[in-house]
Protein chains: 2
Amino acid sequence: MTQKTNWVIIGRHAVLESLTSGQAIDKVMTDRMISLPDIMEAAKKAGVPVQKVPMEKLNKFGANHQGVAAFKAMVEYQNLDELVPHLYEQGKNPLIVILDRITDVGNFGAITRSSEVLGADVIVFPARESAQLNADAVKRSSGALLRIPLCREKDLASAIRYLQQSGIMVLAADEKAKTSIHDIDFKKPVAIILGSEGEGVAPELLRKVDDIIYIPQAGKMDSLNVSVAAGIILYEIQRQRKG
Amino acid sequence: MTQKTNWVIIGRHAVLESLTSGQAIDKVMTDRMISLPDIMEAAKKAGVPVQKVPMEKLNKFGANHQGVAAFKAMVEYQNLDELVPHLYEQGKNPLIVILDRITDVGNFGAITRSSEVLGADVIVFPARESAQLNADAVKRSSGALLRIPLCREKDLASAIRYLQQSGIMVLAADEKAKTSIHDIDFKKPVAIILGSEGEGVAPELLRKVDDIIYIPQAGKMDSLNVSVAAGIILYEIQRQRKG
């Protein structure tokens with residue numbers, strides 16, 4: 001029930017509490033020899049990945065771990081459904097970046113950096129299959145990860161539906177594109193989904209979006225590094241918006 | 001005088017021959033206990049860096065190294081003063097990317113990838129203080145390093161002078177910028193210098209360029225990752241050129 005560092009919570013009660021109270025937790029580690037159904041259930045509900053490890057690994061975080069440790073996120077997460085109304089209240093024209101399974105820390109960091117600089121309002125990403133937002137990621141983002149609002153979602157499909165219901169056009173940048181970024185009116189509220197380098201945007205998300213876009217001079221979407229493609233699209237959006 | 005692999009040349013005569021014949025050599029290693037003035041001189045002339053190492057390191061490449069090994073470049077280099085007239089002969093509107101001390105393999109690779117996709121004709125970079133163009137760099141460029149012409153120059157200042165004499169406008173992307181990329185006429189032949197992430201473009205090069213440019217929506221030049229900035233500038237050039 002004690003805490004070895006500020007970033008690690010150990011002990012069954014403390015970990016369960018952290019998961020149910022809405023604290024930002026990156027991952028949970030459990031002793032692979034024991035079963036902790038309450039914690040598994042709470043982690044699943046919170047969209048937090050669970051790693052099964054040998055007990056020796058947990059011992060490093062303190063003697064009283066009781067078979068479980070939770071790692072607090074280095075960054076803070078916000079709720080998309082509080083954030084979006086807030087953007088409208090502030091008189092902003094929402095610009096949202098959605099990262100579908102960007103697991104490379106360098107790409108996640110560079111995209112966050114570009115998003116901050118090029119005026120995106122928030123980064124949305126799934127709890128699973130995203131880069132771990134650790135000290136390295138913060139460094140590679142030039143600290144942008146500590147400044148730009150971040151929404152970690154259990155389910156990107158519902159997040160997309162929610163954005164669309166909030167009047168935001170959701171576009172995917174993917175090699176299955178039909179529409180050039182020159183032919184999109186970016187003066188409207190917009191969210192851009194960028195997909196994993198290997199696989200692009202997930203098919204179940206592509207079915208939900210308002211359009212699939214490409215960079216006209218750049219051939220197929222996967223012909224550019226994803227952080228370069230993100231930078232170009234954000235640049236084009238601001239070029240159109242600011243004239 | 002034998003060769004252990006295709007990439008390593010050992011023996012004094014063979015290394016000297018490789019340096020004087022204009023072969024693309026990445027670097028030379030010499031036994032730090034001996035002096036090889038002919039090879040030092042030839043390496044200097046060819047702009048090839050020399051590393052002094054313990055003899056044990058050279059032994060790995062074969063028994064007959066005679067205190068010296070040369071590493072063939074994985075990529076091929078071309079001569080800028082043959083390449084530029086050739087671009088004009090082909091009826092091209094030259095678009096040249098100059099990388100001033102980009103040492104990060106990931107950035108060098110990503111910029112090469114963007115350059116190929118966004119239609120740059122050649123990458124120019126200095127023999128010293130550039131990323132090593134090894135298998136990792138080739139991979140991170142998605143193979144573009146094997147396809148786009150590469151010019152490794154002993155002296156970027158003379159390369160810039162040569163380009164200007166050939167009718168090419170040379171621009172530096174640097175935080176000391178005065179001119180927005182929206183205010184440049186990119187329909188002219190153009191070369192863009194991108195500088196090292198830490199220091200930007202070297203002051204002695206900034207003094208020679210025709211203008212220093214910035215990305216209007218992106219604040220200071222160093223606020224974006226250099227490969228993202230390169231991608232945006234190349235995109236803007238092609239947007240203007242292709243309409």
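At 7% relative accessibility, L83(B) counts as buried, where buried means under 20% relative accessible area, exposed over 50% and partly exposed in between (1.4 Å probe, protein chains only). The structure is a predicted model, in which local features need pLDDT of at least 70 and side-chain atom pairs count only at pLDDT 80 or more, whereas totals for chains, interfaces and linings use all residues. Residues are numbered from 1 along each chain as its sequence is written, chains are lettered from A and ligands numbered from 1 in the order in which they are written, and side-chain values use heavy atoms, with hydrogens and water left out.

L83(B) belongs to helix α4 (residues 80–89) of chain B; helices (H or I, at least four residues) and strands (E, at least two) are DSSP runs, numbered from the N terminus. Contacts of L83(B), not counting residues up to four places away in sequence, are made with Q78(B), V122(B) and P149(B), contact meaning heavy atoms within 4.5 Å. Between L83(B) and C151(B), which are 68 residues apart in sequence, the C-alpha to C-alpha distance is 8.9 Å.

In chain B, helix α7 (residues 156–165) has L156(B), A157(B), A159(B), I160(B) and L163(B) as its buried residues. These cover an arc of only 160 degrees around the axis, which puts them on the same side of α7(B); the arc is that of the directions from the helix axis to the C-beta atoms. At the start of α7(B), the backbone nitrogen of A157(B) has a side-chain oxygen of D155(B) within 3.1 Å. G167(B), which follows α7(B), has a positive phi near 85 degrees.

The α7 helix of chain A (residues 156–165) contains L156(A), which counts as buried at 7% relative accessibility. Leaving aside neighbours within four places in sequence, L156(A) is in contact with I98(A), L99(A), D100(A), V124(A), F125(A), P126(A) and L205(A). A C-alpha separation of 10.0 Å is found between L156(A) and I193(A), 37 residues apart along the chain.

Helix α2 (residues 37–46) of chain A has I39(A), A42(A) and A43(A) as its buried residues. Viewed down the axis of α2(A), the buried residues fall within an arc of 100 degrees, so they line one face of the helix. On the other side of α2(A), the residues P37(A), K44(A) and K45(A) are exposed. The cover over the buried residues of α2(A) includes α1 (12–20), β2 (25–31), β3 (50–53) and β4 (68–72) of chain A.

Two packed helices are described by the angle between their axes and the distance between the axes. In chain A, the axes of helix α5 (residues 105–117) and helix α9 (residues 226–242) come within 9 Å and cross at roughly 10 degrees. Axes are lines fitted to C-alpha atoms, for helices over the stretch in contact, and angles run from 0 to 180 degrees between N-to-C directions. The helices α5(A) and α9(A) are therefore roughly parallel to each other, given that angles under 35 degrees count as roughly parallel, over 145 as roughly antiparallel, 65 to 115 as roughly perpendicular and the rest as oblique. From α5(A) the contact involves N107(A), A110(A), I111(A), S114(A) and S115(A), and from α9(A) V226(A), S227(A), A230(A) and L234(A).

N225(A) lies in the loop between β11 (211–214) and α9 of chain A and counts as buried at 13% relative accessibility. The side chains of N225(A) and N107(A) are joined by a polar contact of 3.4 Å; a polar contact is a pair of N or O atoms within 3.5 Å, where, within protein, one must be able to donate a hydrogen and the other to accept it, and residues adjacent in sequence count only if both atoms are side-chain atoms. Not counting residues up to four places away in sequence, N225(A) touches N107(A), E197(A), A110(B) and R113(B).

Most residues other than glycine have a negative phi. R101(B), in the loop between β5 (95–100) and α5 (105–117) of chain B, has a positive phi near 60 degrees and counts as buried at 13% relative accessibility. E129(B), in the loop between β6 (122–126) and α6 (135–140) of chain B, has a positive phi of about 60 degrees but counts as exposed at 53% relative accessibility.
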